[in-house]
Amino acid sequence: MLSASSNSVSMLLRALQESRRLEVLSRPQIMALNNQEGSTFVGQLVPFITRSTPNPLTGQLVNEVEQLEVGLSLLVRPRISPDGLVVMEINATNNRLRPLSEGIPIAVSPTGIPILQPIQDAIHARTVVSAMSGQTVVLSGLITKEENALHRRVPILADIPLLGDLFRYDSVSTRRRELLIIMTPHVVKNRFESEMLKQVESARMNWCLSDVVALHGPAGLRSQSDKAGAAEAETVFPDQLAPDAFMPGEQQAYPQPPEYAPTPALPDGLPLP
């Protein structure tokens, strides 16, 4: 900055470097019976204007509002074959709302202010896939990359060689978005497999297990910080999955060979049969 009343010169040099990384991993889970539909939704209910009509008497706008589900929703219908193959009808949706400042005008208020409607970013996958129990399949994917460049400069001075960089501002931003929808079915045939699946899934969560036990009792749940199993989960032994299994510590009775009558002695001199 140059001042006419003094000979002082002030210079400001700003150098900023910023690095961001955002990782959002959603893991909805639903258990459904064979050939029965199951659905789950994790998100928010947002009021969304579907129609605006002016009142003929007052001239004011009357908005019709509906509740819009914004978040992650999953709908699945599994069909299990005798050999363990799972055929799934899947309908997965992941949507979010952009800031209201980036919305589009849908009407004008009586004061002349436009009414903005937020833009909705959504990805929708609807398909039928088959997988074995415990096999992971990829349903859908999306990879986008956006680059924005901003250039500000002082006329004439920015074109001076070497010194021109002091009178210009250049900014380039890159935005990359990756989204995958994957699914892993697990066929639960008996209560032992259900108990093992419950312990595995609950051990992935980080919660205050004592509060859960105080409310619901020993439900067989675990947490990441619970290494000894403070929830008193039921112990499941692999031998229990067999129909003729024995619990540890029990005496297993093995089948005895059949008893045969002793062969009578033969007189001396007779050949053996």
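The side chain of Asn95 reaches the backbone oxygen of Glu69 at 3.1 Å, and it also reaches the backbone nitrogen of Gly71 at 2.8 Å. Polar contacts are here pairs of N or O atoms within 3.5 Å; within protein, one atom must be able to donate a hydrogen and the other to accept it, and residues adjacent in sequence count only if both atoms are side-chain atoms. The model is predicted, so local features need pLDDT of at least 70 and side-chain atom pairs count only at pLDDT 80 or more, whereas totals for chains, interfaces and linings use all residues. Residues are numbered from 1 along each chain as its sequence is written, and side-chain values use heavy atoms, with hydrogens and water left out.

Asn95 lies in strand β3 and is buried, with a relative accessible area of 9%. Buried denotes under 20% relative accessible area, exposed over 50%, and partly exposed the range in between (1.4 Å probe, protein chains only). Leaving aside residues up to four places away in sequence, Asn95 touches Glu69, Val70, Gly71, Gln120, Asp121 and Ala122, a contact being heavy atoms within 4.5 Å.

The chain contains 2 helices and 8 strands, in the order β-β-β-β-β-β-β-β-α-α from the N terminus. These elements are DSSP runs numbered from the N terminus (helices: H or I, at least four residues; strands: E, at least two). Of the 273 residues in the chain, 20% are buried. Among contacts between residues at least 6 apart in sequence, 52% join residues at least 24 apart.

The largest nonpolar core has 14 residues, and those with the most contacts inside it are Met88, Ile90, Val129, Leu139 and Met183. Two or more residues each are given to this core by β2 (61–80), β3 (85–97), β6 (120–132), β7 (137–153) and β8 (168–183); the largest share, 4 residues, comes from β3. Such a core is a set of buried Ala, Val, Leu, Ile, Met, Phe, Trp, Tyr and Cys residues joined through side-chain atoms within 4.5 Å. Val129 touches Val86, Val87, Met88, Ile90, Val137 and Leu139, not counting residues up to four places away in sequence.

The accessible surface of the chain comes to about 22000 Å², of which 56% belongs to carbon and sulfur atoms. Areas were computed by the Shrake-Rupley method with a 1.4 Å probe; for residues, only the protein chains shown count as cover. Val154, Leu157, Ile160, Leu162, Leu163, Leu166 and Phe167 make a nonpolar surface patch of about 650 Å². Patches are made of residues with over 30% relative accessible area and no salt bridge, with like charges joined within 9 Å and nonpolar side chains (Val, Leu, Ile, Met, Phe, Trp, Tyr) within 5 Å. Leu163 is placed in the loop between β7 and β8.

In the whole structure, 7 salt bridges were found, each defined as a side-chain nitrogen of Lys or Arg within 4 Å of a carboxyl oxygen of Asp or Glu. Arg77 forms a salt bridge with Glu37, the closest N and O atoms being 3.5 Å apart. This pair links Arg77 in strand β2 to Glu37 in the segment before β1 (38–54), 40 residues apart. Arg77 also meets Glu89 in a salt bridge (3.9 Å, N to O), which links strand β2 to strand β3 across 12 residues. Partly exposed positions include Arg77 at 25% relative accessibility, Glu37 at 49% and Glu89 at 29%. A further salt bridge joins Asp165 and Arg168 (3.8 Å, N to O); Asp165 is exposed at 53% relative accessibility, while Arg168 is partly exposed at 30%. Through shared partners, salt bridges join Glu37, Arg77, Arg79 and Glu89 into one network.
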